Amino acid sequence: MEALTSLTVPFQAFSSSSRPRSWITPIQMNVSRRKPFFSFSVRAQVESTEGSATIAATSAESVVEALKVKEWEVGMFQDEVAASQGIRIRRRPPTGPPLHYVGPFEFRLQNEGNTPRNILEEIVWNKDVEVSQLKERKPLISLKKDLQNAPPTRDFIGALRAANERTGLPGLIAEVKKASPSRGVLRENFDPVEIAQAYERGGVACLSVLTDQKYFKGCFENLELIRKAGVKCPLLCKEFIIDAWQLYYARIKGADAVLLIAAVLPDLDIKYMIKICKILGLAALVEVHDEKEFDRVLGIEGIELIGINNRNLETFEVDIANTKKLLEGERGKIVRERNIIMVGESGLFTPNDIAYVQEAGVKAVLVGESIVKQNDPGKGITSLFGKDISLS
């Protein structure tokens with residue numbers, strides 16, 4: 001369908017004495033709704049001889065409406081791609097089509113409602129709004145300029161391998177986390193630097209710093225404070241990443257690694273973000289929850305670090321047998337052949353839990369609640385592993 005309307009706009013006349021007669025070359029712009037792409041065409045001709053100009057163009061309202069339609073269609077296509085890969089987390093609340101919409105999705109029923117299906121989806125919807133606002137205040141071009149003042153990255157993956165070789169146990173990524181949606185506040189007297197330093201004395205390989213404020217009571221300032229305090233352990237920025245902009249932001253705040261969640265990000269996003277991470281010198285911990293997500297991630301080149309989260313996203317129940325199930329058979333063989341470091345996540349509280357996931361094939365574990373709640377996090381680490389793993 002093509003629409004072309006004309007709009008006549010009065011234009012200030014120029015006298016022949018003040019400037020010579022001039023012509024603006026006609027430009028043609030057609031607004032067409034061909035799926036999935038569209039083009040604009042504006043036909044305009046200005047004649048200065050008679051002291052006025054006639055502009056034949058698509059009305060501003062129709063152009064704005066066409067942009068809204070296409071923006072909505074792009075969102076629908078993105079959702080289809082994600083759904084085809086088994087991704088159940090929607091990036092933003094679903095909305096119905098624009099008024100008088102005609103196109104490839106006109107018969108699609110929008111009856112899912114705008115209530116999040118689970119806590120991860122709710123977090124992602126809020127993060128989408130938050131990141132949009134942050135990008136307006138701090139554009140990407142500004143972040144790229146700040147990179148020259150960012151501290152150098154440390155070897156996150158190398159630190160995990162070294163800890164595993166030194167102790168014979170999975171390298172520990174300890175979480176600096178004040179709260180969680182499922183458990184509420186974990187530690188009232190929360191001093192991120194003090195906790196990070198206690199973890200370092202206790203023998204951790206790396207630290208994971210929660211930066212989400214609304215649901216985990218974290219912030220990027222905590223990441224900066226820990227880095228500037230001289231803590232030598234590499235730092236994972238544990239954020240809900242949905243936009244490459246966040247990778248640059250994490251990097252200038254002192255991160256050495258970032259978390260990418262396969263339940264949220266389609267394959268193309270993960271591939272792109274992995275490339276950006278390599279450019280920035282960041283390690284990427286790609287998190288999976290089930291077999292389908294694991295298979296998707298194993299099909300992506302450049303993956304060096306995969307985390308298995310034992311928490312069910314639908315029920316929020318935790319079962320560490322999920323780690324063993326995912327690493328059995330062909331998947332475990334591929335992991336070993338590619339020398340990928342597997343990280344066990346969630347539900348790890350005792351030496352028996354650590355031994356179980358280590359036997360399944362993990363070389364690192366990410367633990368938060370069971371140690372951050374302890375008055376002395378260093379003693380919490382000893383209790384978790386059943387022995388002192390500190391360097392002293």
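Modeller: Let's start with a term: a residue is buried when its relative accessible area is under 20%. Keep in mind that this is a predicted model.

Biologist: Now zoom in on helix α8. Which of its residues are buried?

Modeller: The buried ones are W245, Q246, L247, Y248, Y249, A250, R251 and I252. That's eight of eight residues in the helix, which spans 245-252, so call α8 mostly covered.

Biologist: And what do the buried residues of α8 pack against?

Modeller: Their partners include the helices α2 (119-137), α3 (140-146), α7 (220-228) and α9 (267-280). Strands β8 (235-238) and β9 (257-261) are also among them. After α8 comes G254, with a positive phi near 110°.

Biologist: Switching topic: how do I read a pair of packed helices?

Modeller: Two packed helices are described by the angle between their axes and the distance between the axes. Here, α10 (residues 291-298) and α12 (residues 329-338) pack at about 30°, with axes 11 Å apart. Angles under 35 degrees count as roughly parallel, and α10 and α12 are therefore roughly parallel to each other. Their crossing is left-handed.

Biologist: Which residues of α10 and α12 make the contact?

Modeller: From α10 you get E291, F294, D295 and L298, and α12 brings R331, I334, V335 and R338. Sorted by class, that contact has four nonpolar and four charged residues, with no polar ones.

Terms used: Residues are numbered from 1 along each chain as its sequence is written. This is a predicted model: local features need pLDDT of at least 70, side-chain atom pairs count only at pLDDT 80 or more; totals for chains, interfaces and linings use all residues. Side-chain values use heavy atoms; hydrogens and water are left out. Axes are lines fitted to C-alpha atoms, for helices over the stretch in contact, and angles run from 0 to 180 degrees between N-to-C directions. Helices (H or I, at least four residues) and strands (E, at least two) are DSSP runs, numbered from the N terminus. Angles under 35 degrees count as roughly parallel, over 145 as roughly antiparallel, 65 to 115 as roughly perpendicular and the rest as oblique. A crossing is left-handed if the near helix is turned anticlockwise from the far one by less than a right angle, and right-handed if clockwise. Contact means heavy atoms within 4.5 Å. Ala, Val, Leu, Ile, Met, Phe, Trp, Tyr, Cys and Pro count as nonpolar, Asp, Glu, Lys and Arg as charged, and the others, Gly among them, as polar. Buried means under 20% relative accessible area, exposed over 50%, partly exposed in between (1.4 Å probe, protein chains only).
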